[in-house]
Amino acid sequence: IKFLDLMSERGIKRNEVTYNILIKWYCREGDMDKVLETINDMEASGFSPDSVTYNTLIKGYSKVGNLKEALKIMKEMSGRRLKMDTFTLNTILHALCLENKLDEAYEFLKDAKKQGYIIDEVSYGTLMMGSFKNENFEKGMNLWDEMKDKELVPSVITYNTVIFGLCKSGKMEQAITKLNELLENGLSPDEKTYNTIILGYCWEGDVEKAIQFHNDMVKNNFKPDVYTCNILLHGLCSK
C-alpha cells in the first residue's frame with residue numbers, strides 16, 4: 001500500500017494489472033468490502049474488469065463461503081463472454097459439494113463441458129469425494145469410470161478419493177485392487193492412501209487385517225503417523 005502511495009506521488013497511474021493484483025490480495029485476505037471498493041475505483045479510472053478479475057472474484061467469494069455471490073459473478077462473467085479458468089471451475093465445484101448441492105454440481109459440470117471448458121481429473125475427483133461423503137457410492141464410481149473413459153490420468157489424490165469411497169462402502173478387495181493399480185501406474189502411495197485402507201478394515205471390524213496390512217506396509221517403507229496410531233487404537237478399543 002505504501003508503494004502504491006509512492007506511485008501516486010510520482011504521478012504513475014494504476015493499470016488493469018495493478019488493480020487485479022490488489023483485488024487478488026484483498027480476496028486472499030477475505031476482505032470483500034475492500035475488493036468492491038477497488039473494483040469501483042478501477043471502473044472509475046476507466047478500466048473494466050477482465051477475465052482475471054472475475055476469476056479472482058469467484059475464488060474470493062467461494063473462500064469466504066458466499067457461494068450465491070460467486071455464482072452471480074460467474075453468470076455476469078458469462079454475459080460478458082469471458083471464461084473461467086479450470087482452477088476457478090473446480091473452486092465452484094468444491095464449494096457446491098461442501099454445501100451438499102451435488103445435483104447442482106453435476107449439472108454445473110455438464111454445462112461446463114458443453115460450453116467447452118477444460119474438465120480435468122481434479123474436477124472429477126472433487127465430485128467423486130462429494131458423492132462418497134454423501135454415501136452415493138454408485139455415482140462416485142460412475143464418475144471414476146467416466147474420467148477414465150476420457151483418458152484423464154488420475155493422480156495419487158484422485159486414487160485416494162476412490163479408495164476412500166470403496167473403503168467406506170465396505171468394498172475392501174476393490175480398494176486393494178485400486179492400490180495395486182496405483183502402483184502399476186508408477187505412482188507412490190502416501191500416508192493417506194495407507195491410512196484410508198487401514199481405516200477401511202477397522203470400519204469392517206477386521207482389526208487383525210488392519211494390523212497385518214499396517215505391518216506389511218511398514219516393511220515397504222510406510223511410516224505410520226499419529227493418525228495411523230489413532231485409527232488402530234480406536235479399532236482395538238471398539239473390538
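The largest pocket has a volume of about 420 Å³, the volume being the space filled by probe spheres set on grid points that are joined across faces, edges and corners. A pocket here is an open set of points on a 1 Å grid over the protein atoms alone, where a 1.4 Å probe fits, with protein on both sides within 12 Å along at least five of seven lines, and lining residues have an atom within 4 Å of a point. Of its 19 lining residues, His-94, Gly-125, Thr-126, Met-129 and Thr-161 are the closest to the centre. The largest share of this lining, 7 residues, comes from α8, while α6 (86-98), α8 (121-133) and α10 (156-168) each supply at least two residues; helices are DSSP runs of H or I with at least four residues, numbered from the N terminus.

This is a predicted model, in which local features need pLDDT of at least 70 and side-chain atom pairs count only at pLDDT 80 or more, whereas totals for chains, interfaces and linings use all residues. Residues are numbered from 1 along each chain as its sequence is written, and side-chain values use heavy atoms, with hydrogens and water left out.

The second largest pocket, with a volume of about 310 Å³, is lined by 14 residues, and Leu-71, Met-74, Phe-108, Asp-111 and Gln-115 lie nearest its centre. To this lining α5 gives the most, with 5 residues.

In α13, Val-207, Ala-210, Phe-213, His-214 and Met-217 are buried, that is, under 20% relative accessible area with a 1.4 Å probe, protein chains only. Just after α13, Asn-221 takes a positive phi of about 75°.

Terms used
Buried means under 20% relative accessible area, exposed over 50%, partly exposed in between (1.4 Å probe, protein chains only).
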